[in-house]
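The structure is shown first.

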Amino acid sequence: MIAGGGVAALEALMALHELAGGYVDVELVTPTPEFAYRPLAVAEPFGLGEARRFDVVRIAGDHGAAVHIAGMKSVDTVVKCIVTWDGRMLPFDVLLVAIGAQAVTAVPGSVMIQGPGYTGRFREVLRELESNQVENVTFAVPAGATWPLPLTSSP
């Protein structure tokens, strides 16, 4: 059983299919039937690209896995089952949890690009800059950030 629908979960699903295809049954539990490749979302407001979206159900099917579209509420390690948001109990022998990280606003009141679908406010700020409605912008990169947009200073 793989819990998650992001890069790590799908990579694990593909690797299990490749390495143990006929020996294990794989099930994927994911809250959404779509995977969005998030790194390209930072280019969307600038018209330089867009996050690509993929059908998780098709990917799983292509790799011999069953899919449960459901969020994971809890894990019962004694009974060895996942309890979903809608109350289903999904049994497992081995569970790989690959639910990813949760984006948080590091600077209160700031505008962030959190991934596909979150670029509208950033586009609005760009329009405000172009029309001189906003005079100054501060780019803040919190400590520990690993992938900030390239920043340059100008006089």
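Helices (H or I, at least four residues) and strands (E, at least two) are DSSP runs, numbered from the N terminus. The model is predicted: local features need pLDDT of at least 70, side-chain atom pairs count only at pLDDT 80 or more, and totals for chains, interfaces and linings use all residues. Residues are numbered from 1 along each chain as its sequence is written, and side-chain values use heavy atoms, with hydrogens and water left out.

**Nonpolar cores**
- A nonpolar core is a set of buried (under 20% relative accessible area, 1.4 Å probe, protein chains only) Ala, Val, Leu, Ile, Met, Phe, Trp, Tyr and Cys residues joined through side-chain atoms within 4.5 Å.
- The largest such core has 13 residues, of which Ile2, Leu10, Leu13 and Leu28 touch the most other members.
- At least two residues of this core come from each of H1, strand E2 (26-30) and helix H2 (56-62).
- H1 gives the largest share, four residues.
- Another core, apart from this one, has six residues, including Met1, Ala3, Val29 and Leu90.

**Helix H1 and Val7**
- Val7 belongs to helix H1 (residues 7-20).

**Positive phi**
- Most residues other than glycine have a negative phi.
- Lys80, in the loop between strand E6 (72-76) and strand E7 (81-84), has a positive phi near 60 degrees.
- Asn132, in the segment after helix H3 (120-130), has a positive phi of about 60 degrees.
- Asn132 is exposed (over 50%), at 63% relative accessible area.
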